[in-house]
Amino acid sequence: MRDNWHVRLVGTAVTLVPYPRRHVATYHGWMQDAKLRAATASEPLSRAEEDDMPRSWRDDGGKNDVPARGRRRERGSGG
């Protein structure tokens, strides 16, 4: 992930972004759902372990996981 840490991929419905620290609380909340963990083959992490993940993902050259973030509708877009 190190080489593309600042890259964002913007689609019509979602934006794929690196995993910055400001997303930890939201992501950690999602990962409390056992069905989501099963669907993503993820193990439960403590909040302290999750707090370390942005650094781990950023510094590991072999990781290319990115959270998907829903895009906000623009005013007047009708969609």
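Reader: What makes Asp 51 count as partly exposed in this model?

Author: The model is a predicted one, and in it Asp 51 has a relative accessibility of 23%. Buried would need under 20% and exposed over 50%, so Asp 51 lands in between and counts as partly exposed.

Reader: Which side chain does Asp 51 meet, and why is that called a salt bridge?

Author: The partner is Arg 47, at 2.9 Å from N to O. The cut-off is 4 Å between a side-chain nitrogen of Lys or Arg and a carboxyl oxygen of Asp or Glu, so the Arg 47 and Asp 51 pair qualifies. Arg 47 is partly exposed too, with a relative accessible area of 40%.

Reader: Where do Arg 47 and Asp 51 sit relative to one another?

Author: Both are in helix 3, four residues apart, or about one turn of the helix. As a rule, an α-helix has 3.6 residues a turn, so residues three or four places apart point the same way.

Reader: How many salt bridges does a search of the whole structure find?

Author: Three. Another one joins Asp 52 and Arg 55, with N to O at 2.8 Å. These two also belong to helix 3, three residues apart.

Reader: And what makes the contact of Asp 59 with Arg 55 a salt bridge?

Author: The closest N and O atoms are 3.9 Å apart. The limit is within 4 Å, so that pair gets in as well. Asp 59 and Arg 55 are four residues apart in helix 3, about one helical turn.

Reader: What do Asp 52, Arg 55 and Asp 59 form when taken together?

Author: They are linked in a network of salt bridges. As for accessibility, Asp 52 is at 33%, Arg 55 at 39% and Asp 59 at 31%. Those values fall between 20% and 50%, so each of these residues is partly exposed.

Reader: Which residues of helix 3 are buried, then?

Author: Glu 50, Met 53, Pro 54, Ser 56 and Trp 57. What covers the buried residues of helix 3 includes helix 1, residues 24-30.

Reader: How do you know whether the span of helix 3 is close to what is expected or far from it?

Author: Helix 3 runs over residues 47-59, 13 residues in total. From its first C-alpha to its last it reaches 19 Å, and 18 Å is expected at 1.5 Å a residue, so the span is close to expectation. There is still a kink of about 35° at Met 53, shortly before the proline Pro 54.

Reader: Are Tyr 27 and Trp 30 buried or partly exposed?

Author: Tyr 27 has a relative accessible area of 17%, under the 20% cut-off, so it is buried. Trp 30, at 43%, is partly exposed.

Reader: What pattern does the protein chain follow along its sequence?

Author: It goes β-β-α-α-α-β, with three helices and three strands. Of its 79 residues, 24% are buried.

Note on methods: Residues are numbered from 1 along each chain as its sequence is written. This is a predicted model: local features need pLDDT of at least 70, side-chain atom pairs count only at pLDDT 80 or more; totals for chains, interfaces and linings use all residues. Side-chain values use heavy atoms; hydrogens and water are left out. The bend at a residue is the angle between axes fitted to the seven residues ending there and the seven starting there. Buried means under 20% relative accessible area, exposed over 50%, partly exposed in between (1.4 Å probe, protein chains only). Contact means heavy atoms within 4.5 Å.
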